[in-house]
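Biologist: Before I rely on any label in this fold, I would like each one set against its definition. Could you show me the structure and then take my questions in turn?

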Amino acid sequence: TVIRPADGNETAGAYKYAVERSKNDSRPTFLAFSRQALPNLPNSSIENTLKGAYAVIECEDPDIILIGTGSEVSVCLDAAKELESAGTKVRVVSMPSTEIFREQPASYKDALLPKSAKKMSV
C-alpha cells in the first residue's frame, strides 16, 4: 500500500495504518513524504486518512472536484479559491491512498466523487 500524506494529521494516519497493517497482515506500506513545509489542511485527521480520500473543502453539487495527493493538495486549495471567485462550485479532495480508497464502500466513494461532477487530478 502506498500512502502520500499532505500534512501532519495525514502523516499520523499513514503511520497508524502502516503499523496496524504490518502487525495484522504482515504487509508492507510505503509512505511517500514531501520535503516541503506544508500547512495542516481543513478536515484532515487520522480517521479521514484511514478512508484513503476525503473532502478537504466540501461543496454541495460541485461543478468540479479537484483531487490531490501530498503537497499538491495545497495547490488544489489555491486553485479552488480562484475558481470560487469566478463563480465555480469546487470540492477539494485529498487522496493520500488510492488503494485504501478503493477498499471503501461504494456508497462512500460515490458520495465523495459523484459521477455527475467533473474531476481533475493534480
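Biologist: What makes this an open sheet, and in which order do its strands stand?

Modeller: This is a predicted model, in which local features need pLDDT of at least 70 and side-chain atom pairs count only at pLDDT 80 or more, while totals for chains, interfaces and linings use all residues. Residues are numbered from 1 along each chain as its sequence is written, and side-chain values use heavy atoms, with hydrogens and water left out. Four strands form the open sheet in the order β3-β5-β4-β6, with mixed pairing. Strands β3 (54–57) and β6 (118–121) stand at the edges with a single partner strand each, so one side of each is left without a neighbour in the sheet. From one strand to the next, the twist averages 30°, where axes are lines fitted to C-alpha atoms, for helices over the stretch in contact, and angles run from 0 to 180 degrees between N-to-C directions.

Biologist: How do you know that β4 and β6 pair, and in which sense, parallel or antiparallel?

Modeller: Two strands pair if DSSP finds at least two bridges between them; strand β4 (residues 64–68) and β6 have four bridges, in the parallel sense.

Biologist: What radius of gyration would a compact globule have, and what does the protein have?

Modeller: The radius is taken over C-alpha atoms, and the globule rule is 2.2 Å times the number of residues to the power 0.38. For 122 residues this gives a value near 14 Å, and the protein has 14 Å, which agrees.

Biologist: Why is the contact between glutamate 72 and arginine 4 called a salt bridge?

Modeller: The term requires a side-chain nitrogen of Lys or Arg within 4 Å of a carboxyl oxygen of Asp or Glu, and the side chains of glutamate 72 and arginine 4 meet at 2.6 Å, N to O. Glutamate 72 lies in helix α3 and arginine 4 in the loop between β1 (2–3) and α1 (8–24), so the pair ties together parts that are 68 residues apart in sequence. The structure holds five salt bridges.

Biologist: Which salt bridges does arginine 21 form, and is arginine 21 buried or exposed?

Modeller: Arginine 21 meets aspartate 25 at 3.2 Å, N to O, and forms another salt bridge with glutamate 103, the closest N and O atoms being 3.8 Å apart. Arginine 21 lies in helix α1 and glutamate 103 in the loop between α4 (98–102) and α5 (106–112), so that pair ties together parts that are 82 residues apart in sequence. Shared partners join Arg21, Asp25 and Glu103 into one network. Buried means under 20% relative accessible area, exposed over 50%, and partly exposed in between (1.4 Å probe, protein chains only); at 10%, arginine 21 is therefore buried, whereas aspartate 25 is partly exposed at 42% and glutamate 103 counts as exposed at 51%.

Methods:
Helix = DSSP H or I, 4+ residues; strand = E, 2+ residues; numbered from the N terminus.
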